[in-house]
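User: I am new to this structure. Please walk me through it, and tell me what stands behind each term.

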Amino acid sequence: MEGNREMSYGALGGLGFISLSLNANSSLSSCVCFWHSMSDGGGGNGDCGGGGGDSIHLGKISEGGYKWRLVIAYDGTRYSGWQYQQTPPTIQCIVEKALTRVTKVEREDLYLVGASRTDTGVHAWGQVAHFLTPFNYDGLESIHAALNGLLPPDIRVREFSPASPEFHARFSAKSKIYHYKIYNDAVMDPFLRHNTYHSVYKLNTLAMREAAKHFIGKHDFSAFANASHNDRSPNPVKNVFRFDVIEMMVLVLMVNSLFAQGALLQLEVEGSGFLYRQVRNMVALLLQIGREAIPPDIVPRILATQDRKELAKYAFSAPPHGLCLMSIKYNEEHLQLPSGCPKTSHGRHHSVRKCKLPFY
């Protein structure tokens, strides 16, 4: 889904993490040791649908553990969002099953947490998650390859790295960037149908840009949150840093000729956090403005009402398949690699040392 509830470490009352010190003789002294008691199971927030709130699990403190960060890309077409559930399948469920096979650690001990609980049909290029193991790894390339080998082809771990005890995939995030793609032509490009919304109405991009500027800044976005899920974010005030409407050029090859066609629009929004379906609701209103059905100055008027019913008079949520979570930004100190841990894996290339196929 398009957002998440913001929370600081202090709000956890010290229950989220307990740091432990190891002496030089400890078998785990090669990396920072910690215990993690926050579970992300079953919850819902401004970013997802289904489930209840977050839960704190005060389990038995182990001797130590290691935290790992994943950057995950997925095509959300076949999945019911990120948040864990077995049927219908979700991204978190599939990733956890692969992790339990690779690490031999039970699901309840992995504590896999995603930064953003994307909704059904929403895609991601830069979803971030972290999980725990009671042991360290000498290198990550092999487990990275094994993990991707177990995952279906529409889910891939792009990056696998150690993480500091202070890092939390969701609560450490500074901002999130979402892209929404719109194909603005009479006939849809069939190769883009799974990740791009088709608008047969010719859109006025100048009007859309003018309207998008009204979203920038700190506002109460209650009018753009799904009414039945608005209670999942205690603070409806969010800060949108930028909202760009970009006309992309699509290269088309026909009869040995290559030409550019400007049929693709990309809406890029970055913010501190987003309420449930906030991004898709903002996009839906921009589409109506682009069709010239309503003027750009309708945006501040709807914002001022803080009432979702007011938005419903003009637009419904945009379809999920055009939305993609592109990246998540963190403070640099939270991305520092712990000492003594293996280097980050970006995957490995295979090489052929000797051709085993005969020449004909």
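User: Which strands each supply at least two residues of the lining of the second largest pocket?

Analyst: They are β7 (123-133), β9 (173-183) and β14 (323-330). Strands (E, at least two residues) and helices (H or I, at least four) are DSSP runs, numbered from the N terminus. This is a predicted model, where local features need pLDDT of at least 70, side-chain atom pairs count only at pLDDT 80 or more, and totals for chains, interfaces and linings use all residues. Residues are numbered from 1 along each chain as its sequence is written, and side-chain values use heavy atoms, with hydrogens and water left out.

User: What makes a residue part of the lining of a pocket?

Analyst: A lining residue has an atom within 4 Å of a pocket point. The points lie on a 1 Å grid over the protein atoms alone; a pocket is an open set of points where a 1.4 Å probe fits, with protein on both sides within 12 Å along at least five of seven lines. Residues lining the second largest pocket include His123, His179, His194 and His321.

User: How much space lies in the second largest pocket?

Analyst: About 180 Å³. That volume is the space filled by probe spheres set on the points, which are joined across faces, edges and corners.

User: Why is Glu333 called exposed?

Analyst: Exposed means over 50% relative accessible area, buried under 20%, and partly exposed in between (1.4 Å probe, protein chains only). Glu333 has 53%, so it counts as exposed. Glu333 is found in the segment after β14.

User: What share of the protein counts as buried?

Analyst: Of its 360 residues, 51% count as buried.

User: What makes a set of residues a nonpolar core?

Analyst: The members are buried Ala, Val, Leu, Ile, Met, Phe, Trp, Tyr and Cys residues, joined through side-chain atoms within 4.5 Å. The largest such core has 76 residues, and Phe224, Leu267 and Leu285 touch the most other members. Helix α5 (residues 278-290) gives the most to this core: eight residues. Apart from it lies another core, of five residues, including Tyr183 and Leu192.

User: Which residues does Phe224 touch, not counting those up to four places away in sequence?

Analyst: Among them are Phe215, Tyr276, Met282 and Leu311. Contact means heavy atoms within 4.5 Å.

User: How do you know where confidence is lowest and highest?

Analyst: By pLDDT, the predictor's confidence in each residue, from 0 to 100. Strand β4 (residues 55-56) is lowest, at a mean of 32, and helix α4 (residues 205-212) is highest, at 98. Over residues 1-63 the pLDDT is below 50. The protein averages 82.
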